[in-house]
Amino acid sequence: LIGQYAHGNEPSHHVAYMYNYAGQPDKTQELIREIFDRFYLPKPDGLCGNDDCGQMSAWYIFSAMGFYPVNPCGGEYIIGAPQIERISLALPGDKTFTVVAENLSETNKYVASVSLNNKPVTDFRIHHTDIMNGGELVFQMTDKAKK
C-alpha cells in the first residue's frame, strides 16, 4: 500500500494520474516513480498484484512510456512521467511514434516540459490520433517538481 492506494487492485490503476486533474502533476510523477520502484521488482515476489489479464503489465508499459489511458475508450492519454529513455512504436502505414525522455535519471523524475512533434504540450493529455499519426513525443526531465 501507498497510503490507502493498493496498486495490486487493478481497477484503481488510474488513480495515480488523477493529480493531473487537480493541477498537481508533480504528485502524479512522484507516485509513478514510487510505484515502479516498489511494486515492479525483478524477483519472484516482485509484482504486487495478479497479472492474469495483463492489466499490471499494461499499466507498466503505458506508464514507462510516460502516458496512460485513464479513460480507455475516450481516445486520450494522460501525461505521467516516463521511466525509459526511448521507445519507438511501429505503426501501420510505415509510421513510427517515438517517445524520448531527455535527462531521465533516478533523481530526474519530474517532467519539466513535453513536446509533440516540436510543439509544446500545454495540457496534460495527448490523443490516440496523435500517436497513430506518428511522430515524436519528447519529455524534458528534471529533479525539480513543477507546481
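Predicted model: local features only at pLDDT ≥ 70, side-chain atom pairs only at ≥ 80, totals over all residues.
I started with strand 5 (residues 110-116) and strand 8 (residues 135-142), which run antiparallel and are joined by 6 bridges. Here strands are DSSP runs of E with at least two residues, and helices are runs of H or I with at least four, numbered from the N terminus. Two strands pair if DSSP finds at least two bridges between them. I also looked up Val114, and its bridge partner in strand 8 is Phe139.

Residues are numbered from 1 along each chain as its sequence is written, and side-chain values use heavy atoms, leaving out hydrogens and water.

Next, the whole sheet: what order do the 5 strands take? I read 3-4-8-5-6, in an open sheet with mixed pairing. Strand 3 (86-91) and strand 6 (119-120) each have a single partner strand, so one side of each lacks a neighbour in the sheet.

Then I checked strand 4 (residues 95-102), which runs antiparallel to strand 3 over 6 bridges. Leu91 stands opposite Lys95 there. The two strands make a hairpin with 3 residues between them, and Gly93 in the turn has a positive phi of about 75°. With strand 8, strand 4 pairs in the parallel sense over 6 bridges, and Val100 faces Val138.

Last stop: Met18, which I found in helix 1 (residues 18-21).
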